[in-house]
Amino acid sequence: MTAVAAIAGREVLAGVRNRWMLAASLLLGVLALTLAFVGSAPGGTVAASPLAITVVSLSSLSVFLVPLIGLLVSYDTLVGEIERGTMPLLMTHPVTRSRIVLGKFAGQVAILAVATVVGFGVAALVTGLGDGGDAEAWGAFGVMVGGSILLGAAFIALGTLFSAVVAERGTAAGVSAAAWLIFVVLFDMALLAILVADEGQVVSGDLFRVLLLLNPTDVYRMLTLSGSETVGALSGMAGVSAEAAFGHAILLAAMVLWIAVPLGLAGLLFGRKEL
């Protein structure tokens with residue numbers, strides 16, 4: 001574990017030198033504050049705290065931005081080192097390839113976690129100072145931040161897997177861009193089209209529930225937007241979560257699998273890869 005920690009620290013330092021951590025924190029912070037200010041004054045008869053509305057807005061932002069940041073951080077984590085010729089130097093140390101993968105993953109997750117906590121925390125403090133006694137809203141915010149980190153970790157694991165499979169950085173970038181497009185945009189559009197065309201003939205409720213688990217962004221939505229009654233009502237996810245009938249334990253297990261399976265495959269494939 002000492003070797004893993006050393007490699008993780010190396011990744012964090014590289015992220016600081018390359019200003020990845022600063023750029024991601026600023027990007028998340030600026031967009032989060034913008035959404036918080038725009039959405040913190042609901043109209044009509046909706047009675048909800050500004051922080052609860054901010055949680056819904058930030059969850060929508062996370063679905064698009066956090067996976068992108070995760071893939072940008074990780075797509076060249078292995079193939080980039082190979083192309084630059086630094087991977088053989090790293091492997092001269094007494095460390096296995098699986099620990100290299102694990103250490104790089106841990107360091108990149110740390111970068112994304114800091115950026116998420118700082119960026120979203122600023123928006124929460126600005127909009128939530130008046131909600132100091134609103135335990136439900138603050139609890140929903142904590143779940144949203146933790147879920148965002150898990151979502152980012154899942155896409156970092158996917159980026160690491162792509163980096164272990166391909167031979168060039170350009171290919172890894174292209175595959176990562178395609179993965180972001182599929183999981184964030186196309187999957188739900190295709191699922192909706194299938195449901196409309198099928199009219200309940202083939203896609204049963206059980207099959208629909210399984211299909212939702214096949215996309216980490218859908219798992220994230222259900223995890224972060226269904227735990228609080230107020231947030232679920234504001235986001236419109238309460239009905240979906242009731243239909244899906246998933247508890248938090250199942251959703252957390254699904255997110256862990258979305259992290260563990262790609263990362264395990266990355267370690268296995270990188271261990272067999274000729275440098």
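Mentor: Let's start with burial: a residue is buried under 20% relative accessible area, exposed over 50%, and partly exposed in between, with a 1.4 Å probe and protein chains only. This is a predicted model, where local features need pLDDT of at least 70, side-chain atom pairs count only at pLDDT 80 or more, and totals for chains, interfaces and linings use all residues. Residues are numbered from 1 along each chain as its sequence is written, and side-chain values use heavy atoms, with hydrogens and water left out.

Trainee: Okay, why does aspartate 76 count as buried?

Mentor: Its relative accessibility is 15%, so aspartate 76 counts as buried; the limit is under 20%. Aspartate 76 sits in the loop between helix 3 (50–74) and helix 4 (79–84). Helices here are DSSP runs of H or I, at least four residues long, and strands are E runs of at least two, numbered from the N terminus.

Trainee: Which residues does aspartate 76 touch?

Mentor: Leaving aside residues up to four places away in sequence, they are Glu81, Arg84, Ser163 and Arg169. Contact means heavy atoms within 4.5 Å.

Trainee: Why is leucine 265 called partly exposed?

Mentor: Leucine 265 comes in at 38%, so it counts as partly exposed. That class runs between the 20% and 50% limits. Leucine 265 is in helix 13.

Trainee: What makes up the nonpolar surface patch of about 510 Å²?

Mentor: Val165, Leu257, Val261, Leu265, Leu268 and Leu269 make it. Five residues, the largest share, come from helix 13 (residues 248–272). Patch residues have over 30% relative accessible area and no salt bridge; like charges are joined within 9 Å, and nonpolar side chains (Val, Leu, Ile, Met, Phe, Trp, Tyr) within 5 Å. A salt bridge is a side-chain nitrogen of Lys or Arg within 4 Å of a carboxyl oxygen of Asp or Glu. Areas come from the Shrake-Rupley method with a 1.4 Å probe; for residues, only the protein chains shown count as cover.

Trainee: How many helices and strands does the protein chain have?

Mentor: There are 13 helices and zero strands.

Trainee: How much of the protein chain counts as buried?

Mentor: Of its 275 residues, 47% do.
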